[in-house]
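Please review the model shown here.

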Amino acid sequence: MMRILTILGFGALFFSGIDPVKKALPKNDPDEKVSLTSPADYRKDIITIYDHGKKETLSYIHDCQLYDQHVDTLPQVEFWRGIMNLTKDSAYICYSNRRCVIDRVQLKNWKTYTDDQKTSYRDSLRNVHCLSDSERVLLVEGKSFFYDFSKAYLNLDKGIKDFEANGVDPWYAQAILLIESPNRLQKSNVGAYGPFQLMKPVARMYGLKVNRKMDERADFDRAAYAASSLMKNICIPLTKQMLDTMNIAYNETDLWFRLLVMHVYHAGAGNVRAVLQTIK
């Protein structure tokens, strides 16, 4: 399981900004295959607080597994947490295999370098850190402007309620909202749109109107219904089917299982199946 967690662990960082409320969860037999049959199974992760300003209760997911299994300390997670807190005028220099940060630069200075100067600089870093000539040295720009979680948090309560209403683990609502559009409605370069970044065919499949005059992918509740239906009818069943075929035991509330489902949501079941078959 740790190998899968290491590969998928970067997804866990999207919960790292939430106050780590300590809450005990029941320990499950790792060899027991369990279906998520009751809301009580996932409601253990839901923390509800009272907002005195708005005079209403708000909920969010706190997954203790992230900390119990030390996923928050994985190199990939620590790297992306840094990128998410780094301003867009800065960048990390890292080498690719483990996303190990070896320098930090100001982009305004970096952009003044010629290609030869950039190559020379990268070569000098390889020498200092005893890296091979073939090791890729990458520049990754800060993305704090995109991962504005103060705005994303406002939608978590609505997403949790919408997914629960459709009988779907609300963990996925929070994960998608924190990953896909944490600061504003945006359209991806492949056409996904809205708070749950739905493609047009998926939205239409679940009854949303998407045409020249209207795009209901921007309607939070309608988009949440389509996203949760996609999870319930396709992503979760196909993930279980893949694991059953490979005789891999799982519990639907296990962190690694949830992250695997998220990969099916993002990359498609065919691509995830190919990875599982490759790593056995």
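The sections below describe this predicted model by region.

## Basis and confidence

This is a predicted model, in which local features need pLDDT of at least 70 and side-chain atom pairs count only at pLDDT 80 or more, while totals for chains, interfaces and linings use all residues. Residues are numbered from 1 along each chain as its sequence is written, and side-chain values use heavy atoms, with hydrogens and water left out.

The protein has a mean pLDDT of 84, and 84% of its residues reach 70 or more; pLDDT is the predictor's confidence in each residue, from 0 to 100. Residues 1–37 have pLDDT below 50, and beyond near neighbours in sequence this stretch has 93 contacts in the model. A contact means heavy atoms within 4.5 Å.

## The three-stranded sheet

Helices (H or I, at least four residues) and strands (E, at least two) are DSSP runs, numbered from the N terminus. Two strands pair if DSSP finds at least two bridges between them. Three strands form an open sheet in the order β4-β3-β5, with antiparallel pairing. β4 and β5 are the edge strands, each pairing on one side only. From one strand to the next the twist averages 30°. Axes are lines fitted to C-alpha atoms, for helices over the stretch in contact, and angles run from 0 to 180 degrees between N-to-C directions.

Strand β3 (residues 90–95) and strand β4 (residues 100–106) are joined by six bridges. In this pairing Ser90 stands opposite Gln106, and Ala91 is opposite Val105. The two strands form a hairpin with four residues between them, and Arg99 in the turn has a positive phi of about 50°. On the β5 side (residues 137–141), β3 makes five bridges, with Cys94 partnered by Leu138.

Six of the six residues of β3 are buried, where buried means under 20% relative accessible area, exposed over 50% and partly exposed in between (1.4 Å probe, protein chains only). In a regular strand the side chains alternate between the two faces of the sheet. Ser90, Tyr92 and Cys94 point one way from β3, and Ala91, Ile93 and Tyr95 point the other way. Helix α6 (residues 115–128) lies across β3, β4 and β5 and runs at about 115° to β5.

Helix α8 (residues 171–180) is largely enclosed by the rest of the structure, because ten of its ten residues are buried. Among them are Trp171, Gln174 and Glu180. The cover over the buried residues of α8 includes β2 (56–61), α7 (149–165), α10 and α11 (255–267).

Ser188 lies in the loop between α8 and α9 (200–205). Its relative accessibility is 24%, so Ser188 counts as partly exposed. The C-alpha atoms of Ser188 and Met199 are separated by 9.4 Å, with the two residues eleven apart along the chain.

## Nonpolar cores

A nonpolar core is a set of buried Ala, Val, Leu, Ile, Met, Phe, Trp, Tyr and Cys residues joined through side-chain atoms within 4.5 Å. The largest one has 57 residues, and those with the most contacts inside it are Phe163, Tyr172, Phe196, Leu198, Met231 and Tyr265. Helix α10 (residues 220–245) gives the most to this core, with eleven residues. Another core lies apart from it and has eleven residues, including Ile102, Leu107, Trp110 and Leu131.

Leaving aside neighbours within four places in sequence, Leu198 is in contact with residues including Tyr193, Leu208, Arg217, Ala223 and Tyr265.
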